[in-house]
Amino acid sequence: KNLEEDVKKHPRSSAAWGKLAMNLDVHDFQNEAIPIYKEAVALDPSDFRWPYFIAVLLAKNGVAQSLDWFERARKIKPDYVPMLVNYGNSLFQFNKNDQAAERYKQAFSYDPKCAQALFGLARIDFAQGKLEASSKNLKQALEINPKYSEASNLLMTVCNRLKSSDCVVGLVINSPYKTELTDPVYAELTAEGE
């Protein structure tokens, strides 16, 4: 209730609208959150968070419009690595592999320790049947993060296809842990739920 009152008191405040949207989003009222995020964007088009949060929300729900919002966010903050990885993942989801590869490469150029960017490139290589290239990217991702279970699992599949047993030594197989992307901006949204 307080957040709604805050919006009524400060109808021209992007921050008030954004905070209300974040709270709706984090408490699974995503359909209600989107128009409120859009209001925050309209009030302050330079705030990276609002288009980014819309993009992530739409991407999670498999909505192609997420790509437009990722692009808006990228124009505001082109060097934000987690956004580039998430944008790449969304492009990959919609079979835009060349554009996805571009985003992953940008992410990796800004942060050479970004294992998720290498994993993204490896998935594209794998989808295109470039198994050697996929294997190389996966091994590099695992050098950065040896506990990256998704990369281990894909490397196992690649090694099986390549009929190569030497490339699976020391892998963390079928770990129940998902390797989360460190994303300080998105963590702000999660914190609203706590």
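These are my notebook entries on a predicted model of one protein chain.

**Entry 1: overall layout**

I started with the secondary structure, and the protein chain has 11 helices and zero strands. Next I looked up the extent of the C-alpha trace, which spans about 65 × 30 × 25 Å along its principal axes. Of the 194 residues in the chain, 46% are buried. I also checked contacts with a separation of 6 or more, and 53% of those join residues 24 or more positions apart.

**Entry 2: surface and charges**

The accessible surface of the chain comes to about 10,400 Å², and carbon and sulfur atoms own 51% of that. I looked up the charges too: there are 24 positive and 25 negative ones, and their mean positions lie 4 Å apart.

**Entry 3: the nonpolar cores**

Which residues of the largest nonpolar core touch the most other members? I found Tyr37, Tyr52, Phe53, Phe70, Met83 and Tyr104, out of 47 residues in that core. The elements giving two or more residues to this core include helix 2 (14-26), helix 3 (30-43), helix 7 (97-110) and helix 11 (184-193). Helix 4 supplies the largest share, nine residues.

**Entry 4: helix 9**

Then I listed its buried residues: Leu131, Ser134, Ser135, Asn137, Leu138, Ala141 and Leu142. Their cover includes helix 8 and helix 10 (149-162).

**Entry 5: Gln106**

My last stop was Gln106, which sits in helix 7. Is Gln106 buried or partly exposed? Its relative accessible area is 23%, so I put it down as partly exposed; buried would need under 20%. Not counting residues up to four places away in sequence, Gln106 touches Arg74 and Leu84. I also looked up Gln106 and Val85: they are 21 residues apart in sequence and 8.9 Å apart in space, C-alpha to C-alpha.

Technical notes:
Residues numbered from 1 in each chain as written. Predicted model: local features only at pLDDT ≥ 70, side-chain atom pairs only at ≥ 80, totals over all residues. Heavy atoms only, no water. Core = buried A, V, L, I, M, F, W, Y, C linked by side-chain atoms within 4.5 Å. Buried < 20%, exposed > 50% of the residue type's maximum accessible area, 1.4 Å probe, protein only. Helix = DSSP H or I, 4+ residues; strand = E, 2+ residues; numbered from the N terminus. Contact = heavy atoms within 4.5 Å. Areas by Shrake-Rupley, 256 points an atom, 1.4 Å probe, with all protein chains shown as cover. Lys, Arg positive; Asp, Glu negative; His and termini not counted. Charge placed at Lys NZ, Arg CZ, Asp CG, Glu CD.
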